[in-house]
Amino acid sequence: MPQPATAPLDVLADLFAGEGAAEYFGEEVTQAEHMLQTAALAEAAGAAPALVAAALLHDVGHFGTLTAAQGGLSGDVLTAGTDNQHSRTGAAWLAQWFGPEVTEPVRLHVAAKRYLCAVEPGYFGRLSEASVHTLRVQGGPMDSSQAIAFEAGPYAADAVRLRRWDEQAKDPAFASPPFAHYLPLLAGLLSAPSAAAG
């Protein structure tokens, strides 16, 4: 029996309401608050709907339910010093319903942090303590050849924009819209299930 077209949005809403309420690697916001703030910053900057969606969903790969289903690692291992590959896990899972304009910035947002720390003086100094820790675990700043290769990618600029909002989205005083605010935007971006993602 085929699932209703809105089923993925119901799954996402449940993740934000459930696991999203968990702490976010020692930051002063929950995982859901961080993702909602990232999306609000993207929306305020006039980003295209697909990039707002990517900002909203960029850290879904940290959710344990999703990672277990994908055969990935939970966020806890990242804190303990092992890269959980959450950007790749999240992008692969989202590719069931969204196109590359959403999934590629998600997949590249960790690489964008590594890139910015390599090419932009002072960027490293803007990272939170938790983000400094995860940067080390995720491979540290890129070398020059990695940075050149990253820049050449078609979604590199979107990933860099997402990353800048990501770093800012850890403010306990920031009042972002709820997940329901983004449902029409997400619904407009849903695509047919991908055979490759199945």
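Q: What makes the pair Arg163 and Asp166 a salt bridge?
A: In this predicted model, the closest N and O atoms of Arg163 and Asp166 are 3.3 Å apart. A salt bridge requires a side-chain nitrogen of Lys or Arg within 4 Å of a carboxyl oxygen of Asp or Glu. The pair Arg163 and Asp166 meets that limit at 3.3 Å and is therefore called a salt bridge.

Q: How are Arg163 and Asp166 placed relative to each other in helix α10?
A: Arg163 and Asp166 are three residues apart in helix α10, and so about one helical turn separates them. An α-helix has 3.6 residues a turn, so residues three or four places apart point the same way.

Q: Why are Arg163 and Asp166 called buried?
A: The relative accessible area is 4% for Arg163 and 2% for Asp166. Buried means under 20%, so Arg163 qualifies at 4% and Asp166 qualifies at 2%.

Q: What makes the contact between Lys170 and Glu167 a salt bridge?
A: The side chains of Lys170 and Glu167 meet at 3.6 Å, N to O. Because the limit is 4 Å, this pair counts as a salt bridge. Glu167 has 12% relative accessibility and therefore counts as buried, the cut-off being 20%. Through shared partners, salt bridges join Glu27, Arg163, Asp166, Glu167 and Lys170 into one network.

Q: How do you know that Lys170 also forms a salt bridge with Glu27?
A: The closest N and O atoms of Lys170 and Glu27 are 3.4 Å apart. Lys170 belongs to the loop between α10 and α11 (183-189) and Glu27 to the loop between α1 and α2, so their pairing ties together parts that are 143 residues apart in sequence. In the whole structure, a search finds seven salt bridges.

Q: Are Lys170 and Glu27 buried or exposed, and how do you know?
A: Lys170 has 13% relative accessibility, and Glu27 has a relative accessible area of 16%. Under 20% means buried; therefore Lys170 is buried, and Glu27 is buried.

Q: What makes the pair Glu27 and Ser128 a polar contact?
A: The side chains of Glu27 and Ser128 are joined at 2.5 Å. A polar contact calls for N or O atoms within 3.5 Å, so this pair qualifies. Leaving aside residues up to four places away in sequence, Glu27 touches Ser128, Ala130, Ser131 and Lys170. Ala130 and Ser131 are among the buried residues of helix α8 (residues 129-137), together with Val132, Thr134, Leu135 and Val137. Just after α8, Gly139 takes a positive phi of about 115 degrees.

Q: Why is α7 called roughly perpendicular to α10?
A: Helix α7 (residues 100-119) and helix α10 (residues 156-168) pack at an angle of about 75 degrees, with their axes 8 Å apart. Angles of 65 to 115 degrees count as roughly perpendicular, so that description applies to α7 and α10. The residues of this contact divide into 11 nonpolar, one polar and six charged. Among those meeting across it are Pro105, His109 and Tyr115 in α7, and Val160, Arg163, Asp166 and Glu167 in α10.

Q: Why is His62 called buried?
A: His62 has a relative accessible area of 5%. The value falls under 20%, so His62 is buried. The residue is found in the loop between α3 (49-57) and α4 (64-70).

Q: How do you know that His62 and His86 form a polar contact?
A: The side chains of His62 and His86 are joined at 3.4 Å. Because the limit is 3.5 Å, this distance is accepted for a polar contact.

Q: What makes Ala22 partly exposed?
A: Ala22 has 34% relative accessibility. Buried means under 20% and exposed over 50%, so a value of 34% places Ala22 in between, as partly exposed. Ala22 is found in the loop between α1 (7-17) and α2 (31-44). Apart from residues up to four places away in sequence, Ala22 touches Thr30 and Gln31. The C-alpha atoms of Ala22 and Ala32, 10 residues apart along the chain, are separated by 7.9 Å.

Q: What elements does the protein have, and how much of it is buried?
A: The protein has 11 helices and zero strands. Of its 198 residues, 48% count as buried. Among contacts between residues at least 6 apart in sequence, 72% join residues at least 24 apart.

Methods. Residues are numbered from 1 along each chain as its sequence is written. This is a predicted model: local features need pLDDT of at least 70, side-chain atom pairs count only at pLDDT 80 or more; totals for chains, interfaces and linings use all residues. Side-chain values use heavy atoms; hydrogens and water are left out. Helices (H or I, at least four residues) and strands (E, at least two) are DSSP runs, numbered from the N terminus. Buried means under 20% relative accessible area, exposed over 50%, partly exposed in between (1.4 Å probe, protein chains only). A polar contact is a pair of N or O atoms within 3.5 Å; within protein, one must be able to donate a hydrogen and the other to accept it, and residues adjacent in sequence count only if both atoms are side-chain atoms. Contact means heavy atoms within 4.5 Å. Axes are lines fitted to C-alpha atoms, for helices over the stretch in contact, and angles run from 0 to 180 degrees between N-to-C directions. Angles under 35 degrees count as roughly parallel, over 145 as roughly antiparallel, 65 to 115 as roughly perpendicular and the rest as oblique. Ala, Val, Leu, Ile, Met, Phe, Trp, Tyr, Cys and Pro count as nonpolar, Asp, Glu, Lys and Arg as charged, and the others, Gly among them, as polar.
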